[in-house]
Amino acid sequence: MLADLTSGAVEDARAREAELPLVDLERKALAAAPAIDALAALAPTDTVRIIAEVKRASPSRGDLADIPDPALQASLYEQGGASAISVLTEGRRFKGSLADLEAVRGAVSLPVLRKDFIATAYQVFEARAAGADLVLLIAAALDQPTLATLHELVRELGMTPLVETHNLDEVRRASEIGARLVGVNARDLTTFELDRDLFGRLAEHIPVDAIKIAESAVLRPEDVAHYRNGGADVVLVGEALVTGDPVATLRDFLAVPT
């Protein structure tokens, strides 16, 4: 599944590159407003921070919400107290787009994450040109040289890489390249099975100077508390916010005891 999602995302990016060559995209990316400092926005505090996700669908859950106005959705997230906004830009299975990201960037003052299956430099430049402040890099989808190269490119463009992991080897790979944002996804993207306790098992292996982010399997305040008690500085939430009242849900999640 992960290989198919990544190859599809790369194929779609190549189609866009045929319309907008890399040299022109680089010019657009370098002309974009400077990226927001996501490390500062997500720095650990006495309370959990939340990255709120604009997400219409997923391969595991199917359609979740239409979200005709991603900018409005993101504005509600900011109103509810989110520290950053994640935007799914993969179009085939998640029904997202770079236009969604651009709309969100224009609507909020928070850092914005491009969440996609990034495997090429072109996709990184696309993220910056669209106004992204963070870029997701999935360790399981990339060999170590590619992960390191893309991680450095994201940083060179002033953005912050979020390295997503699923096992101890991937956490060590993230550490090896000096990742400052390390996510642990409870959903195994090769099987799409969930393991909510995975974060707790891996958290102690994440470098002490890295911000720890728990991803997936968050539907109730108790899920946020579970991750927080396991050492999460930040929790990424999608489905629970697009299928309910985003402002009320965020406030409930942010009020969990720590």
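Q: Asp116: buried or exposed?
A: Asp116 is buried, at a relative accessible area of 4%. Buried is under 20%, exposed over 50%, partly exposed in between (1.4 Å probe, protein chains only).

Q: Quick check, what kind of model is this?
A: A predicted one: local features need pLDDT of at least 70, side-chain atom pairs count only at pLDDT 80 or more, and totals for chains, interfaces and linings use all residues. Residues are numbered from 1 along each chain as its sequence is written, and side-chain values use heavy atoms, with hydrogens and water left out.

Q: OK. Where is Asp116 placed?
A: In the loop between β5 (112-115) and α6 (121-129). Helices (H or I, at least four residues) and strands (E, at least two) are DSSP runs numbered from the N terminus.

Q: Which side chain makes a polar contact with the side chain of Asp116?
A: That of Thr89, at 2.5 Å. A polar contact is a pair of N or O atoms within 3.5 Å; within protein, one must be able to donate a hydrogen and the other to accept it, and residues adjacent in sequence count only if both atoms are side-chain atoms.

Q: And what does Asp116 touch, not counting residues up to four places away in sequence?
A: Ala9, Thr89, Glu90, Leu136 and Ile138. Contact means heavy atoms within 4.5 Å.

Q: Switching to α12. Which of its residues are buried?
A: In α12 (residues 246-254), they are Pro246, Val247, Thr249, Leu250 and Phe253. They cover an arc of only 165 degrees around the axis, which puts them on the same side of α12. The arc is taken over directions from the helix axis to the C-beta atoms.

Q: What do they pack against?
A: β1 (49-54), α4 (70-80), α10, β10 (234-237) and α11 (239-242).

Q: What caps the N-terminal end of α12?
A: Asp245. One of its side-chain oxygens lies 3.1 Å from the backbone nitrogen of Val247.

Q: How do α4 and α12 cross?
A: Their axes come within 8 Å and cross at roughly 35 degrees. The axes are lines fitted to C-alpha atoms, for helices over the stretch in contact, with angles from 0 to 180 degrees between N-to-C directions.

Q: Which residues make that contact?
A: From α4, Gln73, Leu76, Tyr77, Gln79 and Gly80; from α12, Pro246, Val247, Leu250, Arg251 and Leu254.

Q: Now α8. Which residues are buried there?
A: Glu170, Val171, Arg173 and Ala174, in a helix that runs over residues 168-176. Down the axis of α8, these buried residues fall within an arc of 160 degrees, so they line one face of the helix.

Q: What's on the face turned away from the buried side?
A: The exposed residues Arg172 and Glu176.

Q: What do the buried ones pack against?
A: α7 (144-156), β7 (160-165), β8 (181-185) and α9 (198-202).

Q: And what happens at the start of α8?
A: A side-chain oxygen of Asn167 reaches to within 3.2 Å of the backbone nitrogen of Asp169.

Q: Backbone next. Which residues other than glycine have a positive phi?
A: Lys95, at about 60 degrees, and Ser216, near 80 degrees, are among them. Most residues other than glycine have a negative phi.

Q: Where are they found?
A: Lys95 is in the loop between β4 (84-88) and α5 (98-105). Ser216 is in the loop between β9 (211-215) and α10 (221-229).

Q: How exposed is Lys95?
A: Lys95 is partly exposed, with a relative accessible area of 44%.
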